[in-house]
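The following note concerns the charged side-chain pairs of the structure shown below. Please read the points alongside the model.

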Amino acid sequence: MSDAAASHAELDAARLLLARMGISPADLLEAAAVRPPSPTFAEYVPVVSAAVTTGTRRAYGSYWNRVVEHWGQRRLDEPTPSEIEQLAEYVKTHVVARRNARGGRSAAEHLIAALRCLYKRAVADGFISASDNPALKVAKPRRLPSTRRAVADTRLAEINEVAASTGDDPALDSLLLRLHTETACRRGGALALRPVDLDPDQCLILLREKGDTVRWQPVSPTLMRYLQRHAEERGATDTGQLLRYRNGQPITYRRYDHLWVRIGEHLPWVYVQQISTHWLRHTTLTWVERNFGYGVARAYAGHSENGSDAGTTATYVRATLQEVAAALAALTTESHPLT
């Protein structure tokens, strides 16, 4: 059979199948052409913002606002990949200058990620087809290695001393630092902690962190007592947020921001290196990996054993500056061949 004959046979078979289904070729063309009109960014951003998790909204909210500021009255199907690249470059060059800024690369990356999230929803809602998603046709800037490292023991002691001796609520700040140092939890996990999540009999706390992950984390009896006492003294209900101010109001991320600003005022190296709560996670996981191995560190971090988390722990257990300095000292001793 020739190629032409085979093609005709396939078309005849397709027509027969459609006829049996009661569908004409014209129906298919009409269905393909029918698509709800795309909303404007000003109309659609609030819809997506209300549908995503709190963490996603916090990560992308400011970038969605920037999109609305520039393209508010444009429809979703109007911007081209080139225009997205132009907006990313604009955001990159107009990023708020901070000491730890890295040329706006992170801002450009987050803008593209925010648009990908937005357009993924638009595809699911039927406003555009997957093949017409312009955000997927724009490459993210290559992510630079993090500057975070484990904090040396002596430096960690300095941080704890300042937190315990300054500020308007040293007890709260000391508890925060102990909680993060002992469990390596993220800020979101600490803020989501409730009294009902404490298991004092087994010294376990239930952490609910990013990606809707839930895990039991062992804690010391001392930390468990501090958490129970804090909840009782500050009026936390069983299912309410555990960490609270003296007046009973739940703390927010702003408490962490104010804490590190204050510590940086007393310890210049904290300000210079832009130390934050996440450095404590690096500190604990590095110690665990050095003493108990990579597998234990991965479990301690709450990383899964497969998928995208498989090698994530490695970013937390890199060599510290102190270890590099020790290697240099050994390299430059009189007994080393190099000298």
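1. Buried means under 20% relative accessible area, exposed over 50%, and partly exposed in between (1.4 Å probe, protein chains only). By this scale Glu 83 is partly exposed, at 22% relative accessibility. Arg 74, at 21%, is also partly exposed.

2. This is a predicted model, in which local features need pLDDT of at least 70 and side-chain atom pairs count only at pLDDT 80 or more, while totals for chains, interfaces and linings use all residues. Residues are numbered from 1 along each chain as its sequence is written, and side-chain values use heavy atoms, with hydrogens and water left out.

3. A salt bridge is a side-chain nitrogen of Lys or Arg within 4 Å of a carboxyl oxygen of Asp or Glu. The whole structure contains 18 salt bridges. One of them joins the side chains of Arg 74 and Glu 83, at 3.0 Å from N to O. Both residues belong to a salt-bridge network that also includes Arg 75, Asp 77 and Glu 78.

4. Arg 255 and Asp 173 form a salt bridge at 3.1 Å, N to O. Arg 255 lies in helix α11 (residues 253-266) and Asp 173 in helix α8 (residues 170-183), so the pair ties together parts 82 residues apart in sequence. Helices (H or I, at least four residues) and strands (E, at least two) are DSSP runs, numbered from the N terminus. Both Arg 255 and Asp 173 are buried.

5. In the salt bridge between Glu 209 and Arg 186, the closest N and O atoms are 3.0 Å apart. Glu 209 is buried, at 8% relative accessible area, and Arg 186 is buried at 13%.
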